[in-house]
Amino acid sequence: MDSYSEYVNERKMPPIFPKALEPYDMKPVENELGLTITERRSLQNGWSIIKQKQRRAALTIYVNLFTEHENLYEVFRSDGVLNIEFASQHQKEVLTVFQMIIEQVDNARFVKTMLKELALRHEAASVTNTQWQLYTNEVRKYFLETLADAISPTFVHALDKLMNFVCNFNDLTESKEELHRVTRIK
Ligand code: HEM
């Protein structure tokens with residue numbers, strides 16, 4: 001017998017080499033937030049630029065949103081008194097939440113737990129899904145405008161996925177009148 005393969009064939013033995021390769025899934029792996037590792041790093045890179053002007057970012061997003069949707073202030077009214085101080089404080093809270101989400105984006109459980117807790121508070125304060133989406137959308141718009149030159153398709157895609165997750169994870173109660181009011185004002 002001349003060769004190893006002849007020997008194997010002869011004895012009807014399974015060949016040791018070449019072995020059939022295991023099927024290999026080439027799809028990038030997404031975490032529970034639906035983001036691949038490249039997308040997560042891309043978000044963190046983008047955030048490292050935004051965070052240099054975090055205070056200004058919070059203010060710009062707040063001013064843009066409330067200029068366009070003045071009626072949102074009503075959520076900050078209690079017992080007839082408009083709590084502008086809290087609304088203004090809230091602008092920083094919003095950006096801190098996005099900071100925590102992006103910095104902890106590898107830790108899906110942390111992000112989900114935080115969003116769940118936030119949804120409960122907002123639900124109790126009668127914040128609707130539409131209002132939540134408007135704020136999120138303003139944050140997204142600001143990120144895209146600020147990073148204009150430094151932006152990559154991966155970042156845009158990742159940001160869209162993240163914002164959709166942030167909006168869809170919790171279904172805040174929707175009120176039809178609210179939806180109607182917002183679209184009429186726009
Ligand atoms: C991107 C969306 C939003 C984020 C990330 C966010 C973030 C937060 C955070 C972190 C708190 C807790 C603040 C604290 O404990 O001092 C909070 C509370 C609050 N937010 Fe938002 N917010 C969002 C959207 C909105 C919108 C659209 C409104 C209404 C126009 C709103 C109204 C309120 C109110 C009334 C509270 C006080 C709730 C309570 O009594 O505990 N938020 N928000």
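## The model and its overall layout

The structure is a predicted model, in which local features need pLDDT of at least 70 and side-chain atom pairs count only at pLDDT 80 or more, while totals for chains, interfaces and linings use all residues. Residues are numbered from 1 along each chain as its sequence is written.

The chain holds eight helices and two strands, where helices (H or I, at least four residues) and strands (E, at least two) are DSSP runs numbered from the N terminus. Along the sequence these elements follow the pattern α-α-α-β-β-α-α-α-α-α. Of the 186 residues, 18% count as buried; a residue is buried if 20 or more other C-beta atoms lie within 10 Å of its own, exposed if 12 or fewer, and partly exposed in between, with C-beta atoms placed from the backbone. Among contacts between residues at least 6 apart in sequence, 77% join residues at least 24 apart, a contact being a pair of residues whose C-beta atoms, placed from the backbone, lie within 7 Å.

## Around the ligand

There are 16 residues around the ligand, and V75, E93, V97, A125 and Y135 come nearest; a residue is near a molecule if its C-beta atom, placed from the backbone, lies within 6 Å of it. The elements that give two or more residues to this shell are α4 (84-103), α5 (108-124) and α6 (129-146).

By type, the shell divides into 10 nonpolar, four polar and two charged residues. Here Ala, Val, Leu, Ile, Met, Phe, Trp, Tyr, Cys and Pro count as nonpolar, Asp, Glu, Lys and Arg as charged, and the others, Gly among them, as polar.

In α6, the 18 residues should span 26 Å, which agrees with the 26 Å between its end C-alpha atoms. Its buried residues include W132, Y135 and F143, and Y135 is also one of the residues that come nearest to the ligand.

## The nonpolar core

The largest nonpolar core has 24 residues, and those with the most contacts inside it are L43, V105 and L162. Such a core is a set of buried Ala, Val, Leu, Ile, Met, Phe, Trp, Tyr and Cys residues joined through C-beta atoms within 7 Å. At least two of its residues come from each of α2, α3 (54-68), α4, α6 and α7. Leaving aside residues up to four places away in sequence, L162 touches L33, L35 and L43.

Most residues other than glycine have a negative phi. D79, in the loop between β1 (77-78) and β2 (81-82), has a positive phi of about 50° although it is not a glycine, and D79 is exposed, with 5 other C-beta atoms within 10 Å. S126, in the loop between α5 and α6, has a positive phi near 60° and counts as partly exposed, with 13 C-beta neighbours inside 10 Å.

D171 lies in the loop between α7 and α8 (176-185) and is exposed, with 11 other C-beta atoms within 10 Å. The C-alpha atoms of D171 and A119 are separated by 8.1 Å, although these residues are 52 residues apart along the chain.

Note on methods. Contact = placed C-beta atoms within 7 Å. Expected span 1.5 Å × (residues − 1).
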